[in-house]
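I opened the notebook with the model on screen and went through it topic by topic. The entries follow in the order in which I looked things up.

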Amino acid sequence: MKTFSNIRFKKKTVQRFQEFSRRFFKTHTEAMDTMLDFFLYNEISPKETLGPNARTLEANIKKRINALVSIIKDIEKNQTKPTTAMLQLLFEKAPAKQKQPRLVEVKQGSKTSKDPFFATSLEAIELRKEKNTLQRDLKETKQLFDDILFSKINIVKSSFGKAKLQLDMSIEEFEAIKNKMKNN
């Protein structure tokens, strides 16, 4: 025969345990054994919380996945597609390859003609360099103009008549700016 022992618990705790035990197990002993095994095998203290439950973990994972999807879409939009488009344009303008004989007789006095694709590419590169230089010069000129307009010009109110603008600049500064503008 099985031996039983008594343990004293408060009535409220006994009622909770009995309801729990009836719902999931056949006997109270089986319920208690399973609970103790769970804590021992998983090395968990019953006083500790297990952290977030599965629903909150799932929600956090979904948020992170959505963030990754938006990052990948941004990469496609701003990096991959423009690069692909540039490569396609490059290959569209490339001349079709023709088979050439391995040995070609070169006559003296004849010059080899340059490939029109590469000539236009070099022209485009030169135009882009010139454009960048002009943009940089324009930016410097705008900055100089802003410096003069907003820091060197003051409004002087007159007691008679309209207000006037006054330039607070030394002659040396004026001559330096004048020479700089002439050189550009």
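How many salt bridges does the count come to by the rule that a side-chain nitrogen of Lys or Arg lies within 4 Å of a carboxyl oxygen of Asp or Glu? I noted that the count comes to 2.

Before going on I wrote down the basis: this is a predicted model, in which local features need pLDDT of at least 70 and side-chain atom pairs count only at pLDDT 80 or more, while totals for chains, interfaces and linings use all residues. Residues are numbered from 1 along each chain as its sequence is written, and side-chain values use heavy atoms, with hydrogens and water left out.

Salt bridges. I looked up lysine 62 and found it paired with glutamate 58, the closest N and O atoms being 3.6 Å apart. Both residues lie in helix α3, 4 residues apart, which is about one turn of the helix; helices here are DSSP runs of H or I with at least four residues, numbered from the N terminus. Glutamate 58 has a relative accessible area of 43% and is therefore partly exposed, a class that falls between buried (under 20%) and exposed (over 50%), with a 1.4 Å probe and protein chains only.

I then turned to glutamate 173 and lysine 152, whose side chains meet in a salt bridge at 3.2 Å, N to O. This pair links distant parts of the chain, since glutamate 173 sits in helix α5 (residues 171-183) and lysine 152 in helix α4 (residues 116-152), 21 residues apart. Glutamate 173 is partly exposed at 33%, and lysine 152 is partly exposed at 23%.

Helix α1. Serine 21 lies in α1 and, at 1% relative accessibility, counts as buried. Leaving out residues up to four places away in sequence, I listed Thr27, His28 and Ala31 as touching serine 21, where contact means heavy atoms within 4.5 Å.

Helix α2. Residues 28-41 make a helix of 14 residues that reaches 20 Å from its first C-alpha to its last, close to the 20 Å expected. Glutamate 43, which follows α2, has a positive phi, near 50°.

Methods:
Helices (H or I, at least four residues) and strands (E, at least two) are DSSP runs, numbered from the N terminus. The expected span of a helix is 1.5 Å times one less than its number of residues.
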